[in-house]
Amino acid sequence: MSKQTILVVGGAGYIGSHTVLALNAAGFDTVVYDNFSTGHRDACFGTHQVEGHLHDTAKLQDAMMHYGVVCVVHFAALIEAGQSVRTPLPFFQNNVAGTLNLLEAMQGAGVARLVFSSTAATYGNSTAEGTLHEALPRAPINPYGESKAMVETVLEACADAYGLQSIALRYFNACGADPEGRTGERHDPETHLIPLVIEAALGQRECIKIFGTDYDTPDGTCIRDYIHVCDLASGHVAAAKRLLSGAQTGFTPINLGTGRGLSVREVVDAVRRVSGVEFKVELAERRLGDPAILVADAARAQTLLNWQARRSSIEEIVRDAWAYTQPRATAHEC
Ligand SMILES: NC(=O)c1ccc[n+]([C@@H]2O[C@H](COP(=O)([O-])OP(=O)(O)OC[C@H]3O[C@@H](n4cnc5c(N)ncnc54)[C@H](O)[C@@H]3O)[C@@H](O)[C@H]2O)c1
């Protein structure tokens, strides 16, 4: 039987590159469509590659028709929430208008199945007691989260109007790296906690700052749900398989998280343990807009995708991130 082909838009980025490896391993052909604005050519593992922009509707449609694409996985976006507050227009332009172009191209090519990269940021202020369930209202607090929530609204409308079948995977804190070292986290600028702590352990930054030590949490620092990028990748494979099996109707948001929270101090301690390096920690004031606790309710992913996190112990996450980053840092020093 010939392989089914999946178009992975933004497949040369951090989560996209891990997902392409997982889709290939699961027996799919993959077409990576990327403009390499933040992605990396050496992290492009697609069976085929097309260099292009989300705004090029004709190129997207041609790629889908040429390769006989049956499903799209869409990662391409600007992702830095802080930056989105200072310069919102490119975020709406890329993340919302770009996705509208992609949907138009899908319609033109007759492709009606989409896995969309959404985020826990869509919950924003909707931080109920306990874990975050998909039934909570979308209440983003910055243009980045708003851009993702807007796309979810569009997908819902397209389900009713055109029969689009889509799954929005709402990731919690993506981290870790491919255990075989083929790809890993390389954002520029880096704003995510684990790579920043690793930079402190590598001496690439003077210290790691902990923002807020007076939250209502056991050690006073913020609690987040850290999910290994390989677990995210397997969640995308499961979502694509659900779409292709015909089990999915309409639009469904699904959290990808572990359902367990870890404090910033616990993460910092894990990097100390795994690296064996002591580094300076500076305690700083809270940042605006950081909720105390963000942890996923992971039940829906288990029920609908038969998926659960398997590699997301903090030890495994930090070990894989360290093994990916440390040799590169040493090589740069030489
Ligand atoms: N990293 C996280 O912690 C996290 C958490 C929640 C959600 N997400 C979402 O996951 C997705 C992937 O995140 P990531 O960390 O891998 O980001 P990334 O920046 O590493 O990857 C994004 C990829 O999309 C490509 N791209 C961006 N705009 C494009 C355009 N207009 N045309 C073509 N290609 C374009 C980039 O070149 C890059 O390869 C994003 O949609 C992001 O919002 C990420």
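Which backbone nitrogen lies 2.8 Å from a polar atom of the side chain of Thr119? The tour comes to that residue after a look at the whole chain.

**Before you start**

This is a predicted model, in which local features need pLDDT of at least 70 and side-chain atom pairs count only at pLDDT 80 or more, while totals for chains, interfaces and linings use all residues. Residues are numbered from 1 along each chain as its sequence is written, and side-chain values use heavy atoms, with hydrogens and water left out.

**The whole chain**

Show the chain as a cartoon. Its secondary structure comes to ten helices and 14 strands; helices (H or I, at least four residues) and strands (E, at least two) are DSSP runs, numbered from the N terminus. Along its principal axes, the C-alpha trace spans about 55 × 45 × 40 Å.

Of the 334 residues, 52% count as buried. Buried means under 20% relative accessible area, exposed over 50%, and partly exposed in between (1.4 Å probe, protein chains only). Among contacts between residues at least 6 apart in sequence, 77% join residues at least 24 apart; a contact means heavy atoms within 4.5 Å.

Now colour by charge. The chain has 27 positive and 37 negative side chains, and the centres of the two sets lie 3 Å apart. Lys and Arg count as positive and Asp and Glu as negative, whereas His and the chain ends are not counted. The place of a charge is taken as NZ of Lys, CZ of Arg, CG of Asp or CD of Glu.

**Stop 1: Thr119**

Select Thr119, in strand β5 (residues 113-119). A polar atom of the Thr119 side chain lies 2.8 Å from the backbone nitrogen of Ala121, which answers the opening question. A polar contact is a pair of N or O atoms within 3.5 Å; within protein, one must be able to donate a hydrogen and the other to accept it, and residues adjacent in sequence count only if both atoms are side-chain atoms. Thr119 counts as buried because its relative accessibility is 10%. Leaving aside neighbours within four places in sequence, Thr119 is in contact with Tyr144, Lys148, Leu169, Arg170 and Tyr171.

**Stop 2: His228**

Go to strand β10 (residues 226-228), where His228 is found. Is His228 buried or exposed? With 0% relative accessibility, His228 counts as buried. Its side chain reaches the backbone nitrogen of Cys230 at 2.9 Å. Apart from residues up to four places away in sequence, His228 touches several residues, including Cys175, Gly176, Arg311 and Asp320.

**Stop 3: Met64**

Select helix α2 (residues 57-67) and pick out Met64. Met64 has 2% relative accessibility, so it counts as buried. Which residues does Met64 touch, not counting those up to four places away in sequence? They are Leu7, Val69, Val72, Leu102, Ala105, Met106, Ala109 and Val111. Ala105 is 41 residues from Met64 along the chain, and their C-alpha atoms are separated by 8.2 Å.

**Stop 4: Ala301 and Asn306**

Move to helix α9 and select Ala301. Ala301 is buried, with a relative accessible area of 0%. Leaving aside neighbours within four places in sequence, the contacts of Ala301 are Ile254, Asn255, Leu256, Asn306 and Trp307. Then select Asn306, in the loop between α9 (299-305) and α10 (314-333). Asn306 counts as exposed because its relative accessibility is 61%. Although it is not a glycine, Asn306 has a positive phi of about 50°.

**Stop 5**

Phe36 sits in the loop between β2 (29-34) and β3 (48-51). Phe36 is not a glycine either, but has a positive phi of about 60°. Its relative accessible area is 16%, so Phe36 is buried.

Finish at Pro189, in the loop between β7 (173-175) and α6 (193-201). Display the backbone here: the peptide bond from Asp188 to Pro189 is cis, with omega near 5°.
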